[in-house]
Amino acid sequence: NRSRVVMASWSYIRGLAYLHLENKEQAELSYKKALQIEPTYHKAFQALRKSHILSDKQIKLYIKGLNLPKQPPVELLYQCSLECTDNAEILSKVYSNYPEYMESELLCASIAREYYDRQQYTECYERTKPFI
């Protein structure tokens, strides 16, 4: 019995392959399947968004139909991702609405990735410590 995250990651990877094989319809279905399996699988959401297969309006409607957990506010994270161009801006917007999630694992992982992308490795390391 594989975990939902593992199953979602396989669907996400298949979507990447389809996209590079120029089969956008199958890529879209694979990304959506990954999100149906694990609605918090942010990589699939970002791939769906960045591939421009769907418009932002279509993605917003799709997000509303997912069974997203309320804790942490994943729907807000996805909506902010559609409205903002920078991860720091996205996280700032989420925190301003939900300061109690400052230590949420999902949000901390996003922050750690943002530090990594900025080559701020010490900060990235510090954000991982509470969870490993």
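Where is the place of E22? Select E22 and you will find this residue in the loop between α1 and α2. Before going on, note that this is a predicted model, where local features need pLDDT of at least 70, side-chain atom pairs count only at pLDDT 80 or more, and totals for chains, interfaces and linings use all residues. Residues are numbered from 1 along each chain as its sequence is written, and side-chain values use heavy atoms, with hydrogens and water left out.

**Stop 1**

E22 has a positive phi of about 60°, although it is not a glycine. E22 is exposed, at a relative accessible area of 73% (buried means under 20%, exposed over 50%, partly exposed in between, with a 1.4 Å probe and protein chains only). Now select H52, in the loop between α3 and α4. H52 is not a glycine either, yet has a positive phi of about 60°; its relative accessible area is 64%, so H52 is exposed.

**Stop 2: helix α1**

Go back to residues 4–20, helix α1 (helices, H or I, at least four residues, and strands, E, at least two, are DSSP runs numbered from the N terminus). Its 17 residues should span 24 Å at 1.5 Å a residue, and the end C-alpha atoms are 25 Å apart, which agrees (the expected span is 1.5 Å times one less than the number of residues). Colour A8, S9, S11, Y12 and G15, the buried residues of α1. They cover an arc of only 165° around the axis, which puts them on the same side of α1 (the arc is that of the directions from the helix axis to the C-beta atoms). These buried residues pack against α2 (24–37) and α3 (42–50).

**Stop 3: α4 beside α5**

Select residues 56–65 (α4) and 74–83 (α5): their axes come within 11 Å and cross at roughly 180° (axes are lines fitted to C-alpha atoms, for helices over the stretch in contact, and angles run from 0 to 180 degrees between N-to-C directions). The two helices are therefore roughly antiparallel to each other (angles over 145 degrees count as such; under 35 is roughly parallel, 65 to 115 roughly perpendicular and the rest oblique). On α4, show D56, I59, K60, I63 and K64; on α5, show E75, Y78, Q79, L82 and E83, which together make the contact (heavy atoms within 4.5 Å). Finish on α5: seven of its 10 residues are buried, so this helix is largely enclosed by the rest of the structure.
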